[in-house]
Amino acid sequence: MYRADAPGRVNLIGEHTDYNEGLVLPTATPQRTVVELSPREDRVVRVESEGYMPIAYRLGEERHCGDWGDYVRGVTWVLAKAGHPIRGFDAGIASRVPPGAGLSSSAALEVALLRALRDAFSLTLDDMALAYAAHKAERDVVGARVGTMDQLAAALARTGEALLIDMRKTKIERVPIPADVDIAVIDSGIAHDNAKQGAYNERRAQCEEAARRLGVASLRDATLSDVERLVPQSATLARRVRHVVTENERVRAFVAALQADDHARCYGARLVGAGFGGSVLALVDADRAADAARAAAERYRSRTGRTGRVLMPV
Ligand code: GLA
């Protein structure tokens, strides 16, 4: 029996920048997804996950089914495509990363499963290669045209530090999160799902269209004067460009404030991940984080009637 795990992620800042060759700053959640796996002698794959219908298929017969099993089928498909030799297996998944909360439970599952398969079949894959394999599984089999942030975070991030990733060079710097700062995460109860919500793929297509019209390789190369140039053509495209240009700046400013211990400057709250539902993230004094998160969830309930679930601090 082989056992492996991977965390969820919260991105402190830098959203919708990864697929524009920009900057992101994710960290790992304390919640992790655990995979226990036993190799088989045949080519049958059987996987169970608490609370979901079990899946079963034969290696080589992977196809998109639109259910959670696509993450598993995506992973075995991508390994075969890259020439990694695996056999069938029985696996059980236990996840503490809540689905639909915008914490990338999908990347946690893909990376944990890849790690278990790496151990079980002695695959030569380092964590970086594993992140890219997970990304390809999600893009090509699940069908969400996501960037690589979530899989890189699930494979490389640790709690207590953020990963400053420059997506243009895949340059990664570990940025410690000071001990007196805590991250509060509250699930809004409005489910997030990139694959189902074409809105994510639409954002991405708009960014590509804007880059094409500006004649740049990606929006990483765009500037605020490009925003002005685009306004007469399309207010929407101009907004997308402004977001990417200023968001990259916000990542830089945030890291500078964190490194200078300038907490007053880097405190704040925002939606985490792609948006379209999911969780709210706030940076708060460590000794007040639990109270602040509870108070925010309570206020949310009394204002909207919805239940906000405190996911961090745990
Ligand atoms: C989702 C995607 C990531 C990234 C974020 C937005 O989490 O999976 O690649 O684009 O949205 O920052």
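1. Strands here are DSSP runs of E with at least two residues, and helices are DSSP runs of H or I with at least four residues, numbered from the N terminus. By that numbering E21 belongs to the loop between β1 (2-11) and β2 (23-24). E21 has a positive phi of about 55° although it is not a glycine. Most residues other than glycine have a negative phi, and most peptide bonds are trans.

2. The model is predicted, with local features requiring pLDDT of at least 70 and side-chain atom pairs counted only at pLDDT 80 or more, while totals for chains, interfaces and linings use all residues. Residues are numbered from 1 along each chain as its sequence is written, and side-chain values use heavy atoms, with hydrogens and water left out.

3. The other backbone point concerns a proline. The peptide bond from M312 to P313 is cis, with omega near 0°. P313 lies in the segment after β12 (309-312).

4. The ligand is surrounded by 12 residues (a residue is near a molecule if one of its heavy atoms lies within 4 Å of it). The closest are E15, H16, D18, D150 and Y200. The shell divides into 5 nonpolar, 3 polar and 4 charged residues, where Ala, Val, Leu, Ile, Met, Phe, Trp, Tyr, Cys and Pro count as nonpolar, Asp, Glu, Lys and Arg as charged, and the others, Gly among them, as polar.

5. A polar side-chain atom of E15 is 2.5 Å from a ligand oxygen. For D150, the distance from a side-chain N or O atom to an oxygen of the ligand is 2.5 Å, and for Y200 it is 2.6 Å. The protein covers 99% of the 310 Å² of accessible area that the ligand has on its own (Shrake-Rupley method, 1.4 Å probe).

6. The ligand sits in the largest pocket. A pocket is an open set of points on a 1 Å grid over the protein atoms alone where a 1.4 Å probe fits, with protein on both sides within 12 Å along at least five of seven lines; sitting in it requires more than half of the molecule's atoms within 2 Å of its grid points.

7. Strands pair if DSSP finds at least two bridges between them. β4 (residues 44-49) and β5 (residues 55-58) are antiparallel over 4 bridges, and V45 has Y57 as its bridge partner in β5. Their hairpin has 5 residues between the strands, and G51 in it takes a positive phi near 85°.

8. β4 also runs parallel to β6 (residues 89-95), joined by 5 bridges. In β6, V45 is partnered by F89 and S49 stands opposite I93. β3 (residues 26-39) is antiparallel to β6 over 7 bridges, with V35 opposite I93.

Notes. A polar contact is a pair of N or O atoms within 3.5 Å; within protein, one must be able to donate a hydrogen and the other to accept it, and residues adjacent in sequence count only if both atoms are side-chain atoms. On a 1 Å grid over the protein atoms alone, a cavity is a set of points where a 1.4 Å probe fits but cannot get out, and a pocket is an open set with protein on both sides within 12 Å along at least five of seven lines; lining residues have an atom within 4 Å of a point.
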